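I opened this entry to look up how the chains divide and where their parts touch. My notes follow in the order I checked things.

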Amino acid sequence: MLKKTLDISSSPHIYKGRSTDDIMKNVVWALLPVAFFSIYSFGLNALLVILTATLAAVMTEHFLCKLSKKETTVNDYSAVITGLLLGLTLPPSFPLWMAFVGGVISIALGKHIFGGLGYNVFNPALVARAVLQAAFPVAITTWHPAFLPDRFFTISGSIFTGPFMQPQFDAISGATPLSAFKFDGVTASTAELAFGQISGSTGETCAVIIALGGLYLIARNMMSWRIPVAVLLSAFVLSGILYLINSEGYPSPFFMLFSGGLMLGAVFMATDMVSSPITPIGLWIYGGIIGILTIVIRIWSGLPEGVMYSILLANAISPHIDVLVKHRVYGTNKKTKMV
Amino acid sequence: MALFNFHKNTFKHGIHPPESKDETKGLPIRQFPFAPVIILPMAQHIGAPSEIVVREGQEVHRGELLAKAGGYVSVPMHAPVSGIVRKIGNVPTISGKMSPGIYLEAFPASTQEVLEGKPIDPNTATPEEILQGIQDAGIVGLGGAAFPTHVKLKIPEGKKCDTLILNGIECEPYLTTDHRVMLEQEGDIFTGITYLLKATGAKNAIIGIEANKQDAADHLTKHLPKDLPVSVKVLPVKYPQGAEKMLITALIDKEVPSKSFPIEVGVVVVNIATAAEIGRLLPHGRGIQERVITITGPGVKKKGNYLIPVGTPLRFVLEQVGVDEEISEVYMGGPMMGVAVSNLDISIVKGTSGILVFTRKDVNRSSKIYPCIKCGACVDACPILLNPSKLGILAKFEAYDEMASDFNLMDCFECGSCTYVCPSHIPLVQYFRLAKRVVRKREAQKKEEVHA
């Protein structure tokens with residue numbers, strides 16, 4: 001005899017089975033090789049900075065959920081991504097207490113103040129980095145050389161600076177290829193840039209590993225391919241045009257593509273789904289703005305690097321981009337708004 | 001992939017759920033046994049319920065008229081078995097509402113021969129006679145919508161039908177009903193098309209079939225009658241291609257205007273199994289007694305494609321095929337748009353194209369709903385290019401009027417692609433169903449107020 005009670009539900013009854021925490025988890029998997037390379041090139045320093053930022057972000061997320069008497073959202077992995085991304089954008093010998101403050105800021109001011117996952121206007125990791133850049137301008141622009149022979153055994157003194165103390169940086173410090181170009185007019189070779197034989201933020205130095213992580217996410221359909229393509233393409237085209245006009249005064253487009261945080265930003269930061277547009281056309285516009293702004297800041301501003309500010313600016317206008325995008329619903333003639 | 005949409009032979013967006021058809025697509029249609037008691041609801045099609053013309057205790061022959069059409073948008077009902085009308089009263093239906101209906105007790109020893117009626121000759125009959133014959137046979141859309149076919153075929157004044165499209169897409173996963181009908185009933189299909197061409201005045205017919213039924217397409221192509229202006233077109237597999245509007249776009253690259261019918265672009269779409277039924281019944285003047293149904297799903301023991309009398313109780317069907325102890329959900333129709341059954345005492349109706357049985361572990365619905373992360377998967381899935389993400393946010397705030405006025409809510413035909421792809425498990429299409437219902441109610445109220 002058949003049982004009497006059945007469950008009922010409203011169709012559809014099957015699902016794609018890819019959930020939000022799956023996507024987040026896979027972003028973490030894609031970021032891990034980047035973190036490993038950064039530890040390989042910068043040693044214990046990078047390990048400590050990345051760990052501190054990540055821990056701070058995760059703890060803040062948990063604490064804020066408890067504070068607002070909600071179920072903790074740590075297990076959706078989004079805080080791990082934010083912390084990891086922040087850690088990967090900091091210099092390798094960055095004082096740990098500052099990295100910790102950054103982690104707290106990213107989740108508290110970057111995310112929860114807007115309402116948590118799904119509501120943040122800006123990429124939370126970049127909000128924190130912008131705050132750190134304003135608060136600690138020296139520490140965040142003091143670069144540590146890569147591939148020091150003793151990197152797995154010694155830790156820079158600056159790392160353990162006490163809160164509100166002046167950090168003492170090691171006598172030897174490296175310059176990033178972008179600052180070397182900006183202030184000294186020296187450009188690194190594309191191969192050095194692509195394979196991370198350079199100094200820079202912990203996670204931005206090896207363009208190839210970053211790009212592979214992005215390809216993995218795109219292949220698993222967990223990231224919009226349009227954003228990185230739009231960012232890199234627009235940056236390449238603009239810097240390419242400048243290079244063609246004056247190859248003495250401007251660096252080659254390949255240098256622009258592989259140096260600084262452009263690859264990391266294009267693949268892992270600009271692609272934050274929440275703070276980017278939702279319409280396909282909107283994604284192209286958004287990516288294009290980031291690429292062009294980055295080159296403009298790098299070449300014509302006082303700053304050597306512009307990825308962070310470009311993405312934050314594009315985040316700010318991304319809802320408006322969607323509002324501007326009009327499209328035609330099936331069977332209608334007039335174009336209607338999308339958002 | 002809006003940018004690279006140069007590809008013809010398809011519609012925009014859509015999804016690719018696992019097809020899950022392999023287990024039943026090779027199984028020939030088999031006759032199902034007669035249930036001891038048949039339960040026939042009178043409201044099993046869209047439109048007015050049929051009006052009962054028999055009385056309790058009356059003996060009826062298989063194929064005899066039990067109920068006449070209750071109006072123009074209605075169809076008659078015929079006896080699926082020879083037997084005795086045991087009771088006339090309310091019977092349960094899938095919606096949960098009771099409907100007037102007939103309990104028919106089958107004669108166990110009957111030969112179950114079908115009564116013959118007035119045959120309709122496709123060569124001499126007028127279009128009106130064919131439409132009347134289709135209504136008299138009790139034919140409704142067998143793809144699932146159960147809309148009276150003669151109403152659909154009636155070309156409105158001033159309109160012209162150029163192309164008749166036969167819908168052999170069957171894009172719902174699991175279902176193989178139309179697939180088997182195309183492989184086994186080609187004669188009926190072509191006879192049916194002859195009637196349909198005459199009734200609509202269409203000059204040619206296209207049979208649309210998805211590429212996962214290439215064997216059916218080859219079979220129909222091989223048996224195409226020379227004098228019939230019919231072509232077979234194979235389309236790439238994509239859900240919801242079986243939706244009329246999507247199919248028209250895929251086949252002839254025309255868009256049916258919002259809020260109107262395919263005839264606006266000179267097309268009438270008929271389900272392939274409906275065409276086969278017309279071809280089988282009209283030459284004998286008979287009425288529908290049975291239909292082909294795929295019974296499948298992980299919880300079913302004897303999966304297959306069965307010819308089942310209309311009105312067979314679902315409980316009897318499941319007992320015959322054998323189901324898993326742990327059944328948890330039963331659906332009538334496919335997994336994307338089918339309706340969950342709350343009560344096994346309902347019966348098979350003319351619109352039932354499949355019965356799906358899922359056990360607890362097959363229902364992979366997640367109880368955890370995340371916030372919308374604006375990934376855009378729903379935007380990339382919606383076949384009519386709505387923004388389900390935005391609509392979902394508005395639905396949460398019950399901004400139903402804004403959904404309808406600014407974001408084309410009423411164009412949504414509830415295919416469920418958005419809910420299927422949503423990684424945050426937001427019940428988007430479910431919100432939209434509710435919202436549409438509320439908007440319709442409010443509009444009706446407004447009209448009443450204007451009249452009052």
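I started with the domain assignment of chain B, which gives domain 1 (32-105 + 287-362), domain 2 (121-284) and domain 3 (377-451). I kept in mind that this is a predicted model.

Next I looked up the spacing of the first pair. The C-alpha centres of domain 1 of chain B and domain 2 of chain B are 24 Å apart. I then asked how many residues each domain brings to the contact. Domain 1 of chain B brings 31 residues, and domain 2 of chain B brings 26 residues.

I went through the side of domain 1 of chain B that touches domain 2 of chain B. Three strands of chain B each supply at least two residues there: β6 (77-78), β13 (290-296) and β17 (354-359). Of the elements, β13(B) gives the most, with 5 residues. I also sorted this side by class. I noted 14 nonpolar, 15 polar and 2 charged residues.

I turned to chain A. Its assignment gives domain 1 (20-174) and domain 2 (176-326). I found 20 Å between the C-alpha centres of domain 1 of chain A and domain 2 of chain A.

The contact joins 36 residues of domain 1 of chain A to 30 residues of domain 2 of chain A. Which elements give two or more residues to the domain 1 side? I listed α1, α2 (44-67), α3 (78-88) and α5 (124-135) of chain A. The largest share of that side comes from α1(A), with 12 residues.

The side of domain 1 of chain A that touches domain 2 of chain A has 25 nonpolar, 10 polar and 1 charged residues.

**Between the chains**

Last, I looked up the contact between chain A and chain B. It takes 39 residues from chain A and 56 residues from chain B.

I checked which elements stand out on the side of chain A that touches chain B. Those giving two or more residues are α1 (20-42) and β2 (336-337) of chain A. The largest share comes from α1(A), at 3 residues.

The side of chain A that touches chain B divides into 17 nonpolar, 15 polar and 7 charged residues.

Note on methods:
Residues are numbered from 1 along each chain as its sequence is written. Chains are lettered from A and ligands numbered from 1 in the order in which they are written. This is a predicted model: local features need pLDDT of at least 70, side-chain atom pairs count only at pLDDT 80 or more; totals for chains, interfaces and linings use all residues. Domain bounds come from an automatic or database domain assignment. Two residues are in contact if their C-beta atoms, placed from the backbone, lie within 7 Å. Helices (H or I, at least four residues) and strands (E, at least two) are DSSP runs, numbered from the N terminus. Ala, Val, Leu, Ile, Met, Phe, Trp, Tyr, Cys and Pro count as nonpolar, Asp, Glu, Lys and Arg as charged, and the others, Gly among them, as polar.
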